[in-house]
Amino acid sequence: MTVAMAPPKISSARLIVCYAAILGTLPYLTLKASWVTGGSLGLRDASFVDSDLMVFANLVTGGMDVVAVILALAFTYSWGRRIPAPLLLFPIWIGTGLLAPIVLDIPVIAADLTTTQSAELPLENWVWAVVYGGFAWQGIMLLTAFVLYARDRWWFVVTGTVKPGTIGAAGGLGIVTALVCAAFHTVWAFGPGGVAARGQDIVIAVLAVLAALALANVSRGRFWPRLVLVWTGAGTMAGTGAWGLFAAFTMGSADHAAVLAVQVAGGVLMMVSVLRRLPHAA
């Protein structure tokens, strides 16, 4: 006679983090649902979201938050352990790259939002606070849920033995790319643009440099702190680069497109290189 094993109990902390992350997506999803269905919530100029291109953009960005909801649930419940690793790791890697810079730059963003914004902008002032506040909240909660999930599923990353070898040509090229992109973002940070945008460029530059240093020294000392730095910095390069390309082409402007494309490629190369050194179960 076979006795069915009860599924492991989910801790209260993980449930709280999961549903706090989901709660953080609701304001953004509400705005996107309104705009896609012809509503005017938070809009000064309803024509701003009327075009087919903007409908498509809102569907894509709203869909990204739906993915965040699915990830939060997968990181919490037992069925998430059965999902193939790449299907979880890729979206949370890109999510880290998009959300971590906002979390780190949120004091600058908040200070910028307290200044008087132009009444000519198509969105109400409060929309910016809701959107960026929601992103920062999601970043903290969703990444916390991921860390708790990864600790259980891939415990050997912390306790196992690092695979021998070098970072290879891909890693070396990724490091060079990271440093070049950091230089461009530093220059952009001192160019025209809002305070929040400048802060984002500085954060991206710093994270790219930290990732490059971590990958260059990946075989020295403990592996997992370097993995965290490469994961975050390379994810920032790939995520913000891809988002910049998407925004540039949907808005009809290809400024910095070449740099952003190289940035995405560099982030991927760095991540591939560090994954090849992942520890195995000891």
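Okay, ground rules. Residues are numbered from 1 along each chain as its sequence is written, and side-chain values use heavy atoms, with hydrogens and water left out. As this is a predicted model, local features need pLDDT of at least 70 and side-chain atom pairs count only at pLDDT 80 or more, while totals for chains, interfaces and linings use all residues.

Confidence, then. pLDDT is the predictor's confidence in each residue, from 0 to 100. The protein chain averages 90, and 92% of the residues score at least 70. Helices here are DSSP runs, H or I, of at least four residues, numbered from the N terminus. Residues 1-5 are where I'd hold back: pLDDT is below 50 there, and beyond near neighbours in sequence the stretch has 0 contacts in the model. Contact, by the way, means heavy atoms within 4.5 Å. Where pLDDT is low, the predicted coordinates should not be read in detail.

On to α2, which runs 52-74. With 23 residues, α2 reaches 33 Å from its first C-alpha to its last, close to the 33 Å expected at 1.5 Å a residue; that expected span is 1.5 Å times one less than the number of residues. Its buried residues include M54, N58, D65 and A72. Buried means under 20% relative accessible area, exposed over 50%, and partly exposed in between, with a 1.4 Å probe and protein chains only. What covers those buried α2 residues? The cover includes α1, α3, α4 and α8.

T76 has a relative accessible area of 6%, so we call it buried. A polar atom of its side chain lies 2.8 Å from the backbone oxygen of A72. Leaving aside neighbours within four places in sequence, T76 is in contact with I10, R14, L15 and C18.

In the largest nonpolar core, 46 residues, the ones touching the most other members are F75, I92, M270 and V274. Such a core is a set of buried Ala, Val, Leu, Ile, Met, Phe, Trp, Tyr and Cys residues joined through side-chain atoms within 4.5 Å. Helices α1, α2, α3, α4, α6, α7, α8 and α9 each supply at least two residues of this core. Apart from it lies another core of 14 residues, among them L31, W35, M54 and I109.

F75 also belongs to an aromatic cluster with F146, Y149, W154 and W231. Searching the whole structure finds 11 aromatic pairs. Rings of Phe, Tyr and Trp (its six-membered ring) pair if their centres lie within 6.5 Å; planes under 30 degrees apart count as stacked, over 60 as edge-to-face and the rest as tilted. F90 and W93 have ring centres 6.4 Å apart and planes at 55°, so that pair is tilted. They sit 3 residues apart in α3, about one helical turn. F90 is exposed at 54%, whereas W93 is buried at 6%.

And F146 with W231: stacked or tilted? Their centres are 5.5 Å apart and their planes at 15°, so the pair is stacked. F146 is in α4 and W231 in α8, so this pair ties together parts 85 residues apart in sequence. Both F146 and W231 are buried.

How values were computed:
Polar contact = N/O pair within 3.5 Å; in protein donor to acceptor, adjacent residues only side chain to side chain.
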